[in-house]
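Open the structure in your viewer and keep the selection tool at hand. Each stop below says what to pick and what is there.

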Amino acid sequence: MGIAGLLVGLLVAEAVFHLRDDGAFPHVNFYQDDAELGVRLRPGASMRFGFQDNPVTDIHVNAQGYRGNDFSEVANGILVVGDSQVFGLGVNDDETMAAQLAELSGRTVLNGGVPTYGPAEYSAVAAELSEAYGITTLVYVVNMSNDFFEDTRPNLERHRVWDGWAVRSELAPESYTQFPGRELLFRQSHAFYALRRLLNQDAPRPSLLPSEGTWQDLVADSEALTRDHEAAEEDAERQSEEARLERQRIARTVADAANAVDERLRRAELEARATDGFYSELELARGHPGDIVGELGAEESRELGATAALIRRAVRRRQALIDARREQDPELAQALETQRQLRATQNRLRAESAGPVEARVPSTLEPRLQALRALADDRGMDVLVVALPLDVLVSSDEWAKYGESPVDMEPTRALLRDLVASAEHLGMRGLDATDALRAAEPGAFLRGDLHMTAKGQRALAEAVHAALESPPPLRSPEPGMPEGRSVLPTYAEWLHTPEATVRGSSAAYCETVRIREWLRVTCRRRGRSRPTAVAPAAPGESLVLVTAEAADYIVPLKAGVDVRTEFHWTDRSQTLNITWNEGAPTMAFSERRAAEVATRVDDERADRLCACHREVIRERACRNHNERYGEWTECGEPICEHAFGAASDGCFNAYADDCAALLRCTRGEGSSPPVCSEGEAIAGGIRQCFALCDEAHPCAEGTCVPWQGSGICL
């Protein structure tokens, strides 16, 4: 009788507590161990869930171990991954964000949210389910309340399963005794659960355990983040200055190497002087137009003023002298090799500095997002990264339910902004859900808890749906240059490089220079014939500048890609044709024809660049191109025959009143980068602003071509 009475008493107690709890537990109680993710949900499990005075809800787990109906392969499915917020603690199966997103979008949506999971587990679930079910869209929900802390600590370390419950590793027993009926008692008995809570009421709260962070940690993190942003701006300035100084240092070493080469050529200079003139070829080959580079050699003679034509002639003669002596002079050969290596380093540094140094603070989760981006590319998925805020960040009124005085949490939103910025930097959509949930207040969150109500889940679903309907962000190009490409040569490089062979260029009074893949054509006025326009047949990464003194055209040559460009003068028009045969270009001007553009169109920007060239470069024309003794006169006023650059909005908007910076910008020198508009980025070897593009953002003009992991319109 005693045993029977005890059993009856236990059954009555169980019935009372079951009735009191309405058959619900305040925690999920159907976990099972998993060797990789720490825990999984038991397939086919169900329970009633409720706590405090929030409505009791029903939870059902499908055959795959996730909430909702069984999964099946779909043609255009959406997968949502996250933790208990995505799982939907506190709402019914059809009230979760995933379920409501399916209703809004008309697409199949799989709920991959699992309580206890963090970013590492989200990525694992995304990899697992996207491959199995043909997912085309991934919604990756980062819960601000704990994901920033959990990213570096896998769930396998944070949680263990104890009789179906997931408990913190710090609180789980090392071992326990198994006996018949243990699961029924420990997992499903409401009376026993009440007893266990009574006996463990002094146990540390999870928020006080090392594996969990608190809102105080978020505030501290946001304060540190503010300092990080300030430091990033300072670091960007420092890196830019260091890069500039390093380029200057390399430029000096390149000049020293050239001096070493010249030193080995001094003996040959006497022969060159006796044969070809009185002036120093070596000094002239290193000069700039208008420089006084030496004396004529007679006591009563004038000093020599350099011109571009004389400099190029001297460069050719210097190269001929090098070619004649290289094989017989080991020291010269070594000096030339040192010079070659230093120039290669100089070009590499210039290529690496393509584009400004970003003052960007990546989210602490950016490495995770980079791996996610790679997964998405591999699986052909679009990705939306959702930054889910704390309830007390959404509304300070939420503090009341915790019995706490309001704390200004707005600075912590920087964590969410940086997360969204990192996602968009990688070409994925980003959504800060704070504003959407604020619009749903009051009532977006459960009473006494941070989880969302059905109203909050609906607001989030609507925000996600709207974000997915909009085009994905344009991906920013990676720094540097593609293989086989280089940045635009400098003014000095163009000047000190011998002319290339372009048939008909001399007759057209045009200079043609090729450096690496770049071809430059400069056509000067001659008598009454003046250049009026240059018109490439196809848009591309080219520079055109037509001033009152000359027309300048620069284009990168790509093997197998023909180029056709129209040149116009006041008295004629000609076509520059570049064709390829067996990997080598053939470049030639066509025969003359009647002038098609007889007048140069007024161009304020071209005139401004011409004026800046005169002011900064001070290129001057000097008389006597025949080198006859006694005919030298003083050099004239500055000219702009060799001005070049991109008269772009990005440069003129930034440096219109600063000639030196404007020239650096329009010539793509990097130290004065253009300021781009929204949807643009600095790209190309000319380092100007180009519109970004991809399949979702076609070019308004031109063609979308790949560039450093992105696309630009050419």
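**A tour by selection**

With 95° about the S-S bond, the link of Cys693 and Cys704 is right-handed. The pair bridges distant parts of the chain: Cys693 sits in the loop between β24 (688-691) and β25 (704-707), Cys704 in strand β25, eleven residues apart. Their sulfurs lie 2.0 Å apart, S to S. A disulfide here is a pair of cysteine sulfur atoms within 2.5 Å. Helices (H or I, at least four residues) and strands (E, at least two) are DSSP runs, numbered from the N terminus.

This is a predicted model: local features need pLDDT of at least 70, side-chain atom pairs count only at pLDDT 80 or more, and totals for chains, interfaces and linings use all residues. Residues are numbered from 1 along each chain as its sequence is written, and side-chain values use heavy atoms, with hydrogens and water left out.

Is Cys693 buried or exposed? Cys693 counts as buried, at 3% relative accessibility. Cys704 is partly exposed, with a relative accessible area of 35%. Buried means under 20% relative accessible area, exposed over 50%, and partly exposed in between (1.4 Å probe, protein chains only).

Now select Cys699 and Cys713. They form a disulfide with sulfur atoms 2.1 Å apart. This link is left-handed, with -95° about the S-S bond. It joins distant parts of the chain: Cys699 is in the loop between β24 and β25, Cys713 in strand β26 (residues 710-713), 14 residues apart. Cys713 is buried, at 12% relative accessible area.

How many disulfides does the structure hold? It holds seven. Go to another of them, Cys610 and Cys640, with sulfur atoms 2.0 Å apart. Here the link is left-handed, with -80° about the S-S bond. Again distant parts of the chain are linked: Cys610 lies in helix α19 (residues 604-616), Cys640 in the loop between α19 and α20 (649-655), 30 residues apart. Cys610 is buried at 5% relative accessible area, and Cys640 is buried at 1%.

**A hairpin**

Select residues 573-581 and 584-589. These are strands β21 and β22, which run antiparallel and are joined by six bridges. Two strands pair if DSSP finds at least two bridges between them. Find Thr579 and look across to β22: Thr586 stands opposite. Then pick Glu582. In this hairpin, with two residues between the strands, Glu582 takes a positive phi near 55°.

**A three-stranded sheet**

Move to the open sheet with strand order β1-β4-β5, where the pairing is mixed. β1 (24-25) and β5 (57-60) stand at the edges; each has a single partner strand, so one side of each lacks a neighbour in the sheet. β1 pairs with strand β4 (residues 46-49) in the parallel sense, over two bridges. Select Ala24 to see Arg48 of β4 opposite.

**Asp93**

Next, select Asp93, in the loop between α2 (84-87) and α3 (97-105). Asp93 is partly exposed, with a relative accessible area of 23%. What does Asp93 touch, leaving out residues up to four places away in sequence? The answer is Asp58, Ile59, His60, Arg67 and Ala99. Contact means heavy atoms within 4.5 Å. Asp93 and Ile59 are 34 residues apart in sequence, yet 6.2 Å apart in space, C-alpha to C-alpha.

Show the side chains of Asp93 and Arg67. A polar contact of 2.7 Å joins them. Such a contact is a pair of N or O atoms within 3.5 Å; within protein, one must be able to donate a hydrogen and the other to accept it, and residues adjacent in sequence count only if both atoms are side-chain atoms.

**Salt bridges**

The structure holds 36 salt bridges. Each is a side-chain nitrogen of Lys or Arg within 4 Å of a carboxyl oxygen of Asp or Glu.

Begin with Asp34 and Arg40, whose side chains meet at 2.8 Å, N to O. Asp34 counts as buried, at 17% relative accessibility.

Then select Arg447 and Asp53, a salt bridge of 3.3 Å, N to O. Arg447 lies in the loop between α16 (434-440) and α17 (454-469) and Asp53 in the loop between β4 and β5, so the pair ties together parts 394 residues apart in sequence. Arg447 is partly exposed, at 44% relative accessible area, while Asp53 is exposed, at 51%.

Finish with Glu541 and Arg485, joined by a salt bridge of 3.1 Å, N to O. Glu541 is buried, at 8% relative accessible area, whereas Arg485 is partly exposed, at 24%.
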